[in-house]
Amino acid sequence: MLDRPFFPWKKLVIGFSLADFALGNWLLFRQYRVLSKTSVPKALENQVDKATFDKSQVRYRNLASCSRPLLTHTQEYGRAKAKFGFFSSIFNEVKSYAILYLDAYPRLWAFTGLLLARFAPARFSGEITQSLIFVFVFSFIDLILGLPFSYYHSFVLEEKFGFNKMTVKLWIMDMLKSQALTIAFGVPIGSAFLSIVKMTGQSFFYYLWLFMLVVQVSAITIYPILIVPLFNKLTPLKPGPLKESVEALASKLKFPLTELQVIDGSKRSSHSNAYFTGLPWKKKIVIYDTLLDKSSDKEVEAVLAHELGHWKMGHTTKLLAISQVHLFYIFALFSVFINNNSLYESFGFHNERPVLIGFLLFNNILAPTDEILKLLMNILTRSMEYEAGMFPRSNSFPSERY
Ligand SMILES: [Zn+2]
């Protein structure tokens, strides 16, 4: 039904993208206005006096909120971040428009085909190799274009507010390491992904989903063991009152705590955080050294009580389950679009229909549903934050401690 010759897919995608851009920046603008207020908002009049409010404009305050770095957010910092978000979204919008307008996908696809024909031995040719090279070249260009923004974010914006602790050398090393990891994991996973679609026919989405489930579960297992130590140093938490109270908290909640570690987050930024990772029966709590520096033992314990609240209420498991349903829906719908000629035609692919390109274009078409989903997910994760926030209070912890 959706495969009609000359259906304006490209115009549709440009329209979606502009609408998304407008909506995002309208929200950002509203936020910016809130952050520019000079008087106490009505709803807080009874809680906050003028002097405290004024302080929040310029001085750092302690605010616990996870899923974003903890502590020290001010209105001024918020405004600077909103401005940065505005300029980088303009850049991204121009970039996506240029990609479509200049037919960057078909041109780059043809170029990688030429590269392969010229330099690669015959046994390496074929759609999968070409797709991997395509992704590599494309993301390399994207990385280079994004460098000024990344540099500005760390060394100008974060630096100005005293959050940046990274040296340029570390910034470059991080980038090289991430690129090496992307290639090391991306090549086998990408090839398997494309081979599954090629080999399993009409019902590929089912196998693809199973494969991605295995990949995700392995990633969750491998990440804290193999990847985190490449970027950070983890040391056991020193014995002392904090360690004892965290262990007591964990055993009270029957949290299977096997390791309690401190991570050297201060190497990059003075933002702080704490999290737990590991398999269901063997968990590890990781505390940022920056959190230990800035907070009393009781405050650290309160932050961990919040994190353990997430665990006790199964938030991570719920989110993993939701992402599985989401992936299944994406792949199943992709199986409907994968042979849509008009889609490929509209974006300049007249003779070939590479799976990778099909998936890319299909994701562009899906963008508006992703926006709705993102909104729903935000509502859900925010309500989880409230639940975890109430958890220490509602579970027989002496409330004044938290
Ligand atoms: Zn939280």
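Reader: Where is the kink in helix α7?
Author: At Y223, shortly before the proline P224. The bend there is about 60°. Helix α7 covers residues 204–231. Keep in mind that this is a predicted model.

Reader: Which residues of α7 are buried?
Author: F204, F205, L208 and M212.

Reader: And what covers the buried residues of α7?
Author: The cover includes α6, residues 168–199. It also includes α11, residues 315–337.

Reader: Let's stay with α6 and α7. At what angle do their axes cross?
Author: At roughly 160°. The two axes come within 11 Å.

Reader: Parallel or antiparallel, then?
Author: Roughly antiparallel, because angles over 145 degrees count that way. The crossing of α6 and α7 is right-handed.

Reader: Which residues meet there?
Author: From α6 come D174, K177, L181, I189, A192, F193, I196 and V197. From α7 come F204, Y207, L208, F211, V215, I227, L230 and F231.

Reader: Switching to α5. How do the axes of α5 and α6 cross?
Author: Helix α5 runs over residues 127–160. Its axis comes within 11 Å of the α6 axis, and the two cross at roughly 150°. α5 and α6 are therefore roughly antiparallel to each other.

Reader: Is that crossing left-handed or right-handed?
Author: Right-handed.

Reader: What does α5 bring to the contact with α6?
Author: I128, S131, L132, V135 and S154. They meet W171, V187, G190, S191, L194 and S195 in α6. By class, the contact of α5 with α6 has 6 nonpolar, 5 polar and no charged residues.

Reader: New topic: R30. Where does R30 sit?
Author: In helix α1, which spans residues 9–35.

Reader: Buried or exposed?
Author: R30 counts as exposed, because it has 11 C-beta neighbours inside 10 Å. The cut-off for exposed is 12 or fewer.

Reader: What separation do the C-alpha atoms of R30 and G265 have?
Author: They are separated by 32 Å. Along the chain, R30 and G265 are 235 residues apart.

Definitions and conventions
Residues numbered from 1 in each chain as written. Predicted model: local features only at pLDDT ≥ 70, side-chain atom pairs only at ≥ 80, totals over all residues. Bend = angle between axes of the 7 residues up to and from the residue. Helix = DSSP H or I, 4+ residues; strand = E, 2+ residues; numbered from the N terminus. Buried ≥ 20, exposed ≤ 12 C-beta atoms within 10 Å, placed from the backbone. Contact = placed C-beta atoms within 7 Å. Axes fitted to C-alpha atoms, helices over the stretch in contact; angles between N-to-C directions. Parallel < 35°, antiparallel > 145°, perpendicular 65-115°, else oblique. Left-handed = near helix turned anticlockwise from the far one by under 90°. Nonpolar A, V, L, I, M, F, W, Y, C, P; charged D, E, K, R; others polar.
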